Amino acid sequence: PAAHFQTSSPEEEALVMDLGQSLLFGTWGMGLLAIALASVQPLLLPKLNLLKEIVEDRNAGSGLVAGAAIVASALNIAAAMQGHAPGGWVGALVSMTLAFALGQASLAVLSRLHRFVAHFDVHHEIQHDNVAAACTLAGAFLGNGILLYWGLHGDVDLHRLLWSLTPVGIAFGLSLALMPVVRLVVTRLFFDGIPFDKELSVDRNLAAGILELIAHPLLALIVV
């Protein structure tokens, strides 16, 4: 008798395509996360030797701010995996990588501008075991990560670059604006008339640092 071959149904083919796409983008996302982990110190915390601070010195502030930077990077990657870029799978992977790079660049700029809002060098304070100061930068990272997840998408189109960059610019602008707003809210509610930067950098008031650590992501969630 003649052999009978059963062809795959359209539903089965679509399922295989979806599984392959999930595997491809999931693997690419994990690769980007590995890059993010490796770049936390040189890109986001360039003044800190994280291995020494965390492993040898057991610096809680370094662990806190590094963990927040990793969470923000993961949110950046999750946002970069969204959207619909032109060019098929190759175009989507390129667009995802570009969106990830833009998000990490915004985190790097935020890390360097933080001192102008905090009125002290947070990296210096972290090196001297100031966990309260570390909370402020950790909160800023988390807030920026949430705003990036809201505003960033992996549909960067080089032919419409301005259109592609606008959401990233809005998210980054909100992140910068959020830092003084958080400081103002926490100061007015709990430390009215008291120099808040002194509470963090001199008195090392951990309760004050925790308030700012929590206020950043909460206000970012309200914004989005």
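Thr136 lies in helix H6. Helices (H or I, at least four residues) and strands (E, at least two) are DSSP runs, numbered from the N terminus. Thr136 has 0% relative accessibility and therefore counts as buried. Buried means under 20% relative accessible area, exposed over 50%, and partly exposed in between (1.4 Å probe, protein chains only). Leaving aside residues up to four places away in sequence, Thr136 touches His114, Phe120, Val122, Arg183, Leu200, Glu212 and His216. Contact here means heavy atoms within 4.5 Å.

The model is predicted, so local features need pLDDT of at least 70 and side-chain atom pairs count only at pLDDT 80 or more, while totals for chains, interfaces and linings use all residues. Residues are numbered from 1 along each chain as its sequence is written, and side-chain values use heavy atoms, with hydrogens and water left out.

The protein has 9 helices and 0 strands. From the N terminus, its elements run α-α-α-α-α-α-α-α-α. The C-alpha trace spans about 90 × 40 × 25 Å along its principal axes. Of the 224 residues, 41% are buried. Among contacts with a separation of 6 or more, 76% join residues 24 or more positions apart. The accessible surface of the protein is about 11,800 Å². Carbon and sulfur atoms hold 69% of that surface. Accessible areas come from the Shrake-Rupley method with a 1.4 Å probe; for residues, only the protein chains shown count as cover.

Two residues touched by Thr136 also pair with each other. Arg183 and Glu212 touch Thr136, and their side chains form a salt bridge with an N to O distance of 3.0 Å. The pair links distant parts of the chain, with Arg183 in helix H7 (residues 161-190) and Glu212 in helix H9 (residues 206-223), 29 residues apart. Both Arg183 and Glu212 are buried. A salt bridge is a side-chain nitrogen of Lys or Arg within 4 Å of a carboxyl oxygen of Asp or Glu. Side chains of opposite charge can pair when their charged atoms come close.

The structure holds 4 salt bridges. Another of them joins Asp121 to Lys47, with the closest N and O atoms 3.1 Å apart. This pair, too, links distant parts of the chain, 74 residues apart. Asp121 sits in the loop between helix H4 (88-118) and helix H5 (122-127). Lys47 sits in the loop between helix H1 (10-44) and helix H2 (50-56). Lys47 has a relative accessible area of 44% and is therefore partly exposed. A further salt bridge pairs Asp203 with Lys198 at 3.3 Å, N to O. Asp203 is partly exposed because its relative accessibility is 39%. Lys198 is partly exposed as well, at 40%.

Helix H3 (residues 60-80) has 21 residues. From first C-alpha to last, H3 reaches 30 Å, close to the 30 Å expected at 1.5 Å a residue. The expected span is 1.5 Å times one less than the number of residues. At the start of H3, a side-chain oxygen of Asn59 comes to within 3.0 Å of the backbone nitrogen of Gly61. The buried residues of H3 include Gly61, Val65, Ala69, Ala72 and Asn76. Their cover includes H1, H2, H4, H5 and H6. An α-helix has 3.6 residues a turn, so residues three or four places apart point the same way.

H9 gives the most to the nonpolar patch, with 6 residues. Trp150 belongs to helix H6 (residues 131-151). At 38% relative accessibility, Trp150 is partly exposed.

Two loop residues other than glycine have positive phi. His119 has a phi of about 65 degrees and lies in the loop between H4 and H5. His119 counts as exposed because its relative accessibility is 58%. Asp129 has a phi near 65 degrees and lies in the loop between H5 and H6. Its relative accessibility of 45% makes Asp129 partly exposed.

Definitions and conventions. Polar contact = N/O pair within 3.5 Å; in protein donor to acceptor, adjacent residues only side chain to side chain.
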